[in-house]
Amino acid sequence: MNTLKAEKRTMDVKAKKLRREGYVTGNLFGREIEGSIPLKMVKSDVERLLKTDNKGSQIMLDVEGRMYDVLIKEVDFNFMAGRVDEVDFQALVSNEKVHSVAEVIFQNHDKIAEGVLQESLREISYRAYPSALVDKVRIDVGEMKIGDVIRVKDLDIAKDKEIDLMTDPETIVAAVTAVHAGDVPEEENAEEAETEA
């Protein structure tokens, strides 16, 4: 499990100023924390962490020497500036279920011989105890054929007794559909028929 260092931040320094100084702001909250703890983290440390962990990942957060087992709850990415502005964490309690998401990752797209893969779902929402958290669901789509459909209920995460799904089990995750190349000529023929009439 990865560890991220953070410092408590005082609210008299604006987040914008901290970002200019190379920090990412954030908050740590949880059942055993009164209110929340405002944080600042070194930008390069956060960027390194986000290469392997993201929203829904479980990490250790080192706040000035005190270790917290946390869930990355939210990552606020500023697309205009191309940077992470804020990361929020939920402190985990071993006997308390938390709401989280697992990122859906499709593998072996290139092995689909016919048809087009329609990716319908990017993340699966669920509740679980900290010991059962899942941050990624990998789906091998290489064997899929036209007409094949994968639903949430078909995935390992749905079969895990430790996990309470929040996403509807009937939700389609991926499907392979035929390529409709024959539509274009028909439209051209219809136009020709109109001009002749």
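**Entry 1: Asn108.** I began with Asn108 and found that this residue is partly exposed, with a relative accessible area of 26%. The value lies in the partly exposed class because buried means under 20% and exposed means over 50%. I noted that the model is a predicted one. I then located Asn108 in the loop between strand E7 and strand E8 (116–119). Its phi is positive, at about 65°, although Asn108 is not a glycine.

**Entry 2: Glu64.** I looked up Glu64, which is not a glycine and has a positive phi near 50°. I placed Glu64 in the loop between strand E4 (58–63) and strand E5 (66–78).

**Entry 3: strand pairing.** I traced the partners of strand E3 (residues 37–42). Strand E1 (residues 3–8) runs antiparallel to E3 and is joined to it by two bridges. Strand E2 (residues 23–29) is also antiparallel to E3, with six bridges between them. I recorded that Lys40 in E3 stands opposite Glu7 and that Lys40 is the bridge partner of Thr25.

**Entry 4: nonpolar cores.** I examined the largest nonpolar core, which has 26 residues; Ile124, Ile139, Leu155, Ile157 and Val173 touch the most other members. Strands E7 (98–107), E9 (123–128), E10 (136–140) and E13 (172–177) each give two or more residues to this core. The most come from E7, which gives four. I listed contacts of Ile139 beyond four places in sequence, and these include Val104, Phe106, Ile150, Leu155 and Val173. Another core, of 21 residues, lies apart from the largest one; among its members are Leu49, Leu61, Val63 and Val70.

Methods:
Residues are numbered from 1 along each chain as its sequence is written. This is a predicted model: local features need pLDDT of at least 70, side-chain atom pairs count only at pLDDT 80 or more; totals for chains, interfaces and linings use all residues. Side-chain values use heavy atoms; hydrogens and water are left out. Two strands pair if DSSP finds at least two bridges between them. A nonpolar core is a set of buried Ala, Val, Leu, Ile, Met, Phe, Trp, Tyr and Cys residues joined through side-chain atoms within 4.5 Å. Buried means under 20% relative accessible area, exposed over 50%, partly exposed in between (1.4 Å probe, protein chains only). Contact means heavy atoms within 4.5 Å.
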